[in-house]
Amino acid sequence: MMQKVKNLYLGVIVAFLYAPIVVLIAQSFNASRYRGQWTGFTWEWYEKLVESEEILNAFSNTLTIGVTSAVLATLLALITALGMRQMGRQSRMFMRGLANIPLLNADIVTGISLMLLFLGLGLRLGYDTILLAHIVISLPYAMLCILPQVLSMDNVWYEAARDLGATPLQAFRKVILPELTPGIVAAFLLSFAMSADDFIVTYFTKGAGIETLTTEIYAELKLGVHPEMYALSTLFFCGVLVFAVLLMLNYKVITRYRQAEKRGQAR
Amino acid sequence: MNERLSSQRFLALPFGLWSVLFIVLPLFFVLWNGVKDVDGGFTLVHLQTVLQWEYLKALGLSVELALISTFICLVLAYPLCLILRERKESRGLLVFLLFLLPLWMNSLLTTMAWQTILEKHGLINMFLQSLGLSEVHIINTPLAIIIGMVYNFLPYMVLPLYVALNRIDNSIIEAARDLGANHYQTLRRVLLPLSMPGIVSGSTMVFIPALTTFVISALLGGNKVLLVGNIIEQEFTAAYDWQLGSALSMVLMVFIILNILLEAFTDNGEKSRQARKGRA
């Protein structure tokens with residue numbers, strides 16, 4: 001009985017979370033241009049997706065800004081974390097607090113504050129200002145991924161490499177970098193996700209004449225979103241779904257393997 | 001500290017410059033715009049304007065809707081995390097992924113999909129009509145905005161709560177049961193206090209974006225319900241009264257600082273309690 005109530009509760013929440021997603025996927029196959037009326041099934045929007053210049057343009061902006069800002073944020077987080085390792089507790093706490101400001105701040109305040117800064121410095125709002133703003137918002141997340149790993153790293157290996165005659169650069173490349181790879185990858189992925197998903201900060205720092213996917217969607221909302229956009233997000237969602245399923249399977253294989261290993265050891 | 005390692009400290013220098021330029025300075029630009037007059041002198045006029053009824057009303061409504069949404073998120077997420085916690089061995093990852101996947105859909109599009117569900121001739125009303133029931137009017141009301149907020153920010157509540165509840169040792173709960181506590185007593189005396197850091201952290205993570213949103217209210221409130229975020233957005237993109245927009249942002253910053261303090265206090269309380277336990 002109790003179990004049934006619990007399953008029902010999970011089901012209701014899942015239905016709540018997926019209802020709008022099902023609606024969006026349905027709309028990507030809807031022959032009508034307008035949402036809210038179903039006039040038949042079509043693949044039209046998927047075919048038109050590759051011809052839609054606005055969407056492809058916004059897509060390429062989102063992609064290049066996402067990758068560039070994620071690379072730069074990860075790099076900055078990495079060298080900062082390495083520097084912070086040699087600091088006292090107090091100054092480390094201070095730096096952490098400073099780095100967390102954009103994370104705790106409301107996006108709208110971060111957005112307008114950066115816009116006022118860029119205009120105050122005499123910059124023109126455009127591609128570069130979006131890029132800078134995205135590094136600002138993803139840096140705290142990159143730090144969150146890298147800093148704990150750097151702080152828990154043992155100095156012994158680096159010392160040993162140096163004693164054996166490695167230059168600082170060699171010791172970094174051969175000893176420190178391999179150990180930090182998981183954190184660096186996580187930082188890059190999370191930074192990219194933050195950049196690609198951001199709307200509010202981009203909206204205030206973008207200036208006229210340039211759109212990313214999110215601002216393009218917002219601009220279209222008033223006149224009705226192009227159904228090609230639904231097609232694109234459906235494709236994207238399916239991609240993430242496949243990735244999640246692979247992750248699941250991988251996890252299962254690993255657990256089964258570990259269990260087998262344990263049993264082998266026990267014997 | 002070792003000589004050749006301490007020289008690495010200079011690696012943090014770029015971040016020092018970066019944070020002054022792109023984290024601290026922008027906030028001063030907001031403060032400066034909030035208190036300067038046309039000639040660049042100091043004035044409190046904009047902050048006084050914020051006290052006008054029109055703006056106070058929007059601020060009050062924003063706080064009210066954000067509080068209600070935060071509360072609903074907490075009430076929905078708590079049992080959910082308790083159930084997820086029980087199942088962490090079997091199928092736990094699958095269920096957890098199920099709750100994270102919707103985050104990958106663009107939130108502007110999902111919020112717009114809620115329009116399709118809630119509007120006058122939308123899915124809910126179509127469903128009610130087919131059952132012969134009367135229509136409900138949800139779109140463009142505060143209720144629609146609350147639904148949008150809960151939908152968008154529920155994961156922010158689930159994540160910290162799940163982490164906090166997962167950290168509680170099963171033996172503590174069993175001990176409470178052995179000592180004769182019923183379900184309700186275990187929840188109130190054991191689970192709730194121990195998961196308090198997660199509750200506070202989740203609540204602040206929902207409250208701030210809910211308080212400052214302008215997208216959800218614009219899409220689901222149909223410009224009939226004005227929140228603080230909408231007014232700030234309009235001052236910067238349509239009305240071009242940056243001073244007033246900055247002054248309103250300063251009010252939001254006060255809320256953000258209060259939130260950070262609240263979280264810091266719970267964290268500290270937790271730490272000192274643990275320290276006391278360690279000594280005893």
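This is a predicted model: local features need pLDDT of at least 70, side-chain atom pairs count only at pLDDT 80 or more; totals for chains, interfaces and linings use all residues.
Start by selecting Arg167(B). Arg167(B) belongs to helix H8 of chain B, which covers residues 142–167.

**Two loop residues in chain B**

Next, go to Asn140(B), in the loop that links helix H7 (123–130) and H8 of chain B. Its phi is near 65°, a positive value in a residue that is not glycine.

Then jump to Tyr240(B), another stop in a loop, here between helix H13 (228–237) and helix H14 (242–279) of chain B. Tyr240(B) is not a glycine either, and its phi is positive too, near 55°. Tyr240(B) counts as exposed because it has 11 C-beta neighbours inside 10 Å.

**Chain B as a whole**

Zoom out and colour chain B by secondary structure. What will you find there? Chain B has 14 helices and zero strands. Its C-alpha trace spans about 80 × 70 × 35 Å along the principal axes. The radius of gyration of chain B is 24 Å, while a compact globule of 280 residues would have one near 19 Å. Of those 280 residues, 39% count as buried. Among contacts in chain B with a separation of 6 or more, 73% join residues 24 or more positions apart.

**Where the chains meet**

Show chain A as well and look at the interface: 57 residues of chain A are in contact with 61 residues of chain B. Several helices of chain A give two or more residues to this side, including helix H3 (53–84), helix H6 (127–151) and helix H11 (227–266). For the largest share, select H1(A), which supplies 12 residues. The side of chain A that touches chain B is made up of 43 nonpolar, 10 polar and four charged residues.

**Confidence in chain A**

The mean is 89, and 99% of the residues of chain A reach 70 or more. Which elements of chain A mark the lowest and highest mean values? H11(A) has the lowest, 82, and helix H9 (residues 200–205) of chain A has the highest, 96.

Terms used. Residues are numbered from 1 along each chain as its sequence is written. Chains are lettered from A and ligands numbered from 1 in the order in which they are written. Two residues are in contact if their C-beta atoms, placed from the backbone, lie within 7 Å. Helices (H or I, at least four residues) and strands (E, at least two) are DSSP runs, numbered from the N terminus. Ala, Val, Leu, Ile, Met, Phe, Trp, Tyr, Cys and Pro count as nonpolar, Asp, Glu, Lys and Arg as charged, and the others, Gly among them, as polar. The radius of gyration is taken over C-alpha atoms; the globule rule is 2.2 Å times the number of residues to the power 0.38. A residue is buried if 20 or more other C-beta atoms lie within 10 Å of its own, exposed if 12 or fewer, and partly exposed in between; C-beta atoms are placed from the backbone. pLDDT is the predictor's confidence in each residue, from 0 to 100.
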